[in-house]
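The exercises below lead a new reader through a set of interfaces and charged pairs, each with a solution worked step by step. Please look over the sequence and the structure before starting.

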Amino acid sequence: MTASPLSTTESATSAVPAAPRRSRETVIAAVAFLLFALLPPVAMVMEDTFFVFFAIRVMIFAIAAVSLSLILGFGALVSFGHAAYLGLGAYSVGILAEHGYWDVTISLPVTLLVCGLFAAITGAISLKTRGVYFIMITLAFGQMAYYTATSLSAYGGDDGLTIWGRTEIFGASVLGDRTTFYYVVLGMLMLSYVIARVIVASRFGRVLQGAKQSEMRLRAVGIDPYWYRLVAYVIAGMMAGVAGALLANATNFVSPAYMSWHRSGELIVMVVLGGLGSLAGSIVGAASFLILEEVLALFTEHWRLIFGPLLVLVVLFGKGGLTAMLGGGRKNG
Amino acid sequence: MSHLLELEGIEASYGAAKVLFGMSFAVGTGEVVTLMGRNGMGKTTTIRTLMGMMPASNGRIRFEGADVTGAPSYRIAQCGIGLVPEGRQVFPTLSVEENLVATSANRFGATPGWSLSRVYEFFPRLKERRSNMGNQLSGGEQQMLAIGRALMTNPKLLILDEATEGLAPLIRAEIWACLERLKGDGQSILVVDKNVDALEVLADRHVVVEKGQVAWSGSSADLKADPTIRERYLSV
Amino acid sequence: MADPILQLRDLTKAYGALKVTDHVSLDVLPGEIHAIIGPNGAGKTTLIGQISGSLRPDGGSIRFAGEDVTHLPMHARARAGLARSFQITEILPAFTARENVALALQAKQGHSFRFLRNVSRDRDLNDRALACLAELGLSHRADLPAGILSHGEKRALELAIAMACEPKLLLLDEPMAGTGREETDRLVEVLGQLKGRYAMLLVEHDMSAVFALADRISVLVYGQIIETGTPNQIRASTKVREAYLGEEAA
Amino acid sequence: MSATLLAVQTLNGLQLGILLFLIAAGLTLVFGVMDFINLAHGVQYMLGAYLAVTGYSLTGTFWGALLFGMLGALVIGLVLELLVFRHLYDRDHLDQVLATFGIILFLNEAVRTVWGSTPLTLPMPDLLSGSFELMDGLLYPVYRIALIVAGLIVAAVLYILVTRTRAGMLVRAGATNAPMVSALGVDIRRLFMLVFGFGTMLAGFAGILAAPILVVEPGMGDNLLILAFVVIVIGGIGSIRGAFIAALIVGLVDTLGRGFATDIAKLLMSPSAANSVGPAIASMLIYLLMAAVLFFRPTGLFPARGG
Amino acid sequence: ESLKIGFLATLSGPPAALGEHMRDGFLLGVKQAGGKLGGLDTEVLVVDDELKPDAALTKVRGLIERDQVDMLAGIVFSNVMMAVYKPIIDAETIFVGGNAGPSPIAGKACSPYFFTTSYQNDQNHEAMGQYAEDAGYKRMVIMAPNYQAGKDSLAGFKRYFKGEIVDEMYTQLGQLDFSSELTKIAAAKPDAVFVFMPGGMGVNLVKQYAQAGLSSQVPFLSAFTVDETTLPATQDTALGLLSGAQWAPNLDNEANKAFVAAFEEEYGYVPSIYASQGYDAARLIDGAVKKAGGKADKAKLMAAMKEAPFESVRGDFSFNTNHFPIQDVYVVKAVKREDGKYATETVEKVFDDKIDAYVGECGMN
Ligand SMILES: Nc1ncnc2c1ncn2[C@@H]1O[C@H](COP(=O)(O)OP(=O)(O)OP(=O)(O)O)[C@@H](O)[C@H]1O
Ligand SMILES: Nc1ncnc2c1ncn2[C@@H]1O[C@H](COP(=O)(O)OP(=O)(O)OP(=O)(O)O)[C@@H](O)[C@H]1O
Ligand SMILES: [Mg+2]
Ligand SMILES: [Mg+2]
């Protein structure tokens, strides 16, 4: 497909964070982490434990959003099947638990392996395509995972699978304590963010971002973008898998609904909402999406009548997503 | 003398970067005028602004006496301006023939108007490639197509921005000859090109642009008479 | 005579009935600047495409630096020492000029599966990229996004990228197109200085540049090479004059 | 499985294909031709159906409902274009995705608020309510024939409109370089608006035609949207012909898959295993098909010429 | 003292109608008690679970931890039920189910905190199996969507139907066009079909079944397919189709007559089985609070609930040891009432005091 010249100029300004943006990125991330870190004590004082639970959910989706942001924002790989990794991660934990394996030393490697393998195989095929075709082929693989899960009668099929406990760490069930679990999730979020950040700034990251702008140019200097994209895709898949494993622990439940295409779509919305090409933005995007959903629903059953137009407004007037709005000027100012 | 096109103190910028600082010049009916100047001096920007493709922050643009400042670009084009843009910009997903036909018009009943057959006669190469897609053409063929496309709108004023870029010497010469013929038919033309020698023969008047302003203007005879102008502004 | 660095034998390519490359055989010697001229649509860009690997020939062979590369993908050829510039500018618009060049340098240094070090703080890479830019007079634009450079500057950046690859053979497709006299002259000068460092295959419609630079010229018309020779021979050829040059070269 | 059964199932598949094409047609037009990802296509399909239901209650005839539904869909489409879509044409695809996702949320909820959650229906027109016997014990409603005819007409009209008319050329040109079309004297915004309105009307039309055989309920367009995307991607974006053929293939594969996957699985494994594997495969079949097609032809079966 | 109840229902997406029926029934029950269930000021927090298990879980946590509700009620779908079940039980919160009754909760995972005024999921399917058996059908085609509830449904049907299953078809979730399946049915010429096809899928199927001329040839038995939530869409095409249910609007008892009249008066539409269950849930709570002495004391409430101290609109009602109902199950038929509205009507009683199949696995007594 030929992009219109206008959209070319747009991409010209959207890909690489310039130095000032980089520091804004850091500030946003730091503030987000700080807020998350302070939340449990505050909730304790306010005697509202629900906050903590809700924040866990936000952070888990933030991890998934960051992982998607890595390939979507920096590699222009719009995966419409990213929820599959959430599901795969969750099912890895759930199925292992069903068979009595609770320890993180088993479940984490299995999650990474399963998600990495699925990403490697489907990615190897999907990455032959571009643009909307890529969107749709990733959707196809996501749907296959979804339908497979719904027909897994042994593990509850569509009804899902209850996990009657939490993952243990070296045999100790420390995650049973909500606050401990909370900080483990926060730690994972920070780790994911830092990993993604380091990758983006590395040689590998530069290739990834270059390939987004012109594949031909990369080939001409001797780089085949395919393998770099594949590796990025696998990394993102594993990261989302970890989010899935955490989600399974947070909910004590695994369901095919975790990998429905709606969920994949929501992840994309979170990333775009936060601002493309900003990892901290994805955290902001995930948080605002979930918080808005939750808060608006408190006011009216018909909260979508407000939420929908709100998204439209963000697109129309907040060119570049929420982080761009937060930072004041438009990023292409 | 009635001016066909008149620019008066045009200013324009890309974001915060101002590029045009009060461009003023005019093209008379039946006249061939050039815009010359080094790379990046604002020639293309001038044309984009007068076509309404970007806003002028100051100044007036008049076509046949009517103020068209701020009008949308299709309306300005409909007044009778045909544009051959810099970088060709043929439509990649349309065939050669579709490229020519899609925007063709004869709004003022020009006779003989430009038709497919007349354009093909002019560029036989295009006729050979008529069913190819725009993006399957060679660079030079795309250039021919862009010119043909503009002619097919039967404009009162033809604007060519670097229309001979990437053309083989033979074809380039043909284009000059063609413009010569068009001039003979009374066509008004505004042309931007690097080929000063050819322009000197073709044009009535020249406008030299430097840093977004008119640095010099005069007739071909004036230009010939004063070789320092070429040196100073065009480093030729 | 040294072995040719590039050897085309009977290269053919057709789009439907249109033979765009019609049994083209051509040698480029190490260190020489070999120009290809010819009318629009003669197949010059297509030929460059086949040599660089972005297009697949229908038949014939391409040997580069003693190896058959006919079936190698583009990036593999680039690694073997083939660099190209594009007729329609192909740069990374969101990267700065420096990053554009640094990417080429990075590719030259081996695979980029390096995840940890921050590449923008890689002194060595940055300095060398700057040096390449300086050579083409772009140092003052090094930290601007390449997308907002002017047309002429973009063309120069393309060259800088190609040079950063330290190729054995440089494929140049109309590097002067759209640049003003002044810049053209500077490009001619730069390429002249590079002469001998690597072989070049130059496609260009600017005859003064071609005649100033080329050691040998091949004339391509409708997919066939009708003549190869020194600039003087070509200038004198009536066949070439009729098919391509017209009066301009006189 | 008898030959008749196979023949009838093939017919069923083709007919589902036509229905899918009807739904995908407007989407291809707006997406393929204007390069605009309109996720709201599904809700526009739904709106068509709902408006028709209202039209029916006002006029009491199917034809009145049809007219009301199509005009209503057109008006709503134009209003949306004016308010939202026209500001998105030259934006990134993802911006379009986000904004149109917002519109989906809004319209689904709005429909529920206005018409309620309980599914509704639109009766068949009397004129087309007959049927004939397709095979022993199975009737084939005339209405479905009409549906097929409508699908064929839409396909032909669209094909001619896009490939043979000047408006079609201009829209295709505008998709790749709108400012240039404008600089050549064409009011591209108005043209886009009309095309968009037409696309919306097509979506509404599909919704209305589907209403007598399918349920009319909030969110009815959501899953169909995905199916429609599958169709146009398999066909090659921007190709009306591709969409048409892909729709038929998807319809066939899906129908035959449902018809025979379990039976075939039973040849290979125990019946109970087949009962769980067969349907799972059948549901995945079109996605498998899409993945396979894109693997071998990364831009679909009929990549739009030059695109 | 007051009573705070969190009520979960699916109120968005295509199946929202079910949730609305259940909610409306429940709220009617509260309203009729003057806003005071068992004499306690009652606040009902209605929450949309969006049919997303993990989202539902968040809402449940919110209700328990933030809103500190005394009990939870509602829930239409089993996958949502399963997702929130453990947290509810872990939090030792009383739950009064309004619809979903998945087998694990009736069996192995049963809990003293869980009560339901609906049924165990298999019940209506089993009823239709029994009915088909009684009707003397020998060869049947059965069909359900390919998901857990669908599989459970057909398993439930087969538990009582002993004849030959000519074909067992699993369709896609959200399927639109059933031509393929209808063709197979026509070719197989069974004595009858049994389907479980909830929501929009059911509407599609019923319409197309009639349009293919099958309604007059092959009897159509179903569960959760033809009811007051889908009849407005299927209208005449569904007339005469048979379903299994423990309740219908015309059930002849005082409580029911009052309920149906009040419901139609209040909301202007015919209540469905979900509405009746929602209503009964409210009545159960009302009765239990009264019995517990007008106090929201958990232990007392639980003990009171076990007694099912209320007049159910379905007539006979008592709790089994797993806190699932022991109740009569009928075959009902879709009809057009005299006032032009569509509704279901009892045809005959299939089971008297039906007990579910999983109670044996439940350790409670
Ligand atoms: N999209 C843009 N954004 C920012 N600056 C721009 C943009 N396009 C052009 N410029 C700048 O505006 C100035 C004038 O450019 P313009 O294209 O008008 O020059 P020109 O005289 O046509 O040059 P050339 O001979 O190279 O075509 C240049 O300095 C250029 O870098
Ligand atoms: N994909 C394609 N399909 C059909 N024809 C093509 C395709 N690509 C190129 N051609 C045709 O092949 C011929 C050679 O094109 P090429 O770009 O190689 O010419 P060129 O010699 O570089 O011309 P120029 O000097 O104008 O750039 C042209 O006539 C062009 O129309
Ligand atoms: Mg210019
Ligand atoms: Mg070329």
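## Exercise 1: Chain A against chain D

The side chains of D:Glu109 and A:Arg304 meet in a salt bridge, with 3.5 Å from N to O; a salt bridge here is a side-chain nitrogen of Lys or Arg within 4 Å of a carboxyl oxygen of Asp or Glu. This is a predicted model, in which local features need pLDDT of at least 70 and side-chain atom pairs count only at pLDDT 80 or more, while totals for chains, interfaces and linings use all residues. Residues are numbered from 1 along each chain as its sequence is written, chains are lettered from A and ligands numbered from 1 in the order in which they are written, and side-chain values use heavy atoms, with hydrogens and water left out.

Task: describe the interface of chain A and chain D, from its contacts to the residues on the side of chain A.

Solution. Step one takes the contacts, defined as heavy atoms within 4.5 Å: 46 residues of chain A touch 50 residues of chain D.

Step two takes the area. The size of an interface is often given as the accessible area lost when the parts come together. Buried area is the accessible area (1.4 Å probe) that two parts lose on being put together, summed over both, and for chain A and chain D it is about 4,300 Å², with 76% coming from carbon and sulfur atoms.

Step three counts the polar features. Between chain A and chain D there are two salt bridges, and nine residue pairs, both at pLDDT 80 or more, are in polar contact. A polar contact is a pair of N or O atoms within 3.5 Å; within protein, one must be able to donate a hydrogen and the other to accept it, and residues adjacent in sequence count only if both atoms are side-chain atoms.

Step four asks which elements of chain A take part. At least two residues each come from helix H1 (5-14), helix H6 (131-150), H11 and helix H13 (304-317) of chain A, where helices (H or I, at least four residues) and strands (E, at least two) are DSSP runs, numbered from the N terminus. H6(A) gives the most, with eleven residues. By class, this side of chain A has 31 nonpolar, nine polar and six charged residues; Ala, Val, Leu, Ile, Met, Phe, Trp, Tyr, Cys and Pro count as nonpolar, Asp, Glu, Lys and Arg as charged, and the others, Gly among them, as polar.

## Exercise 2: Chain B against chain D

Solution. In step two, the two chains bury about 2,000 Å² between them, 61% of it on carbon and sulfur atoms.

In step three, the count is one salt bridge, and B:Glu98 forms a salt bridge with D:Arg172, their closest N and O atoms being 3.0 Å apart. Ten residue pairs, both at pLDDT 80 or more, are in polar contact between chain B and chain D.

## Exercise 3: Salt bridges within a chain

Task: where do E:Glu126 and E:Lys354 lie, and are they buried or exposed?

Solution. The side chains of E:Glu126 and E:Lys354 meet in a salt bridge of 2.7 Å, N to O. E:Glu126 lies in helix H5 (residues 123-135) of chain E and E:Lys354 in strand S14 (residues 342-354) of chain E, so the pair ties together parts that are 228 residues apart in sequence. Both E:Glu126 and E:Lys354 are buried, where buried means under 20% relative accessible area, exposed over 50%, and partly exposed in between (1.4 Å probe, protein chains only).

Task: how many residues apart are A:Glu266 and A:Arg263?

Solution. A:Glu266 and A:Arg263 form a salt bridge at 3.2 Å, N to O. Both lie in helix H11 (residues 261-274) of chain A, three residues apart, about one turn of the helix, and both are buried.
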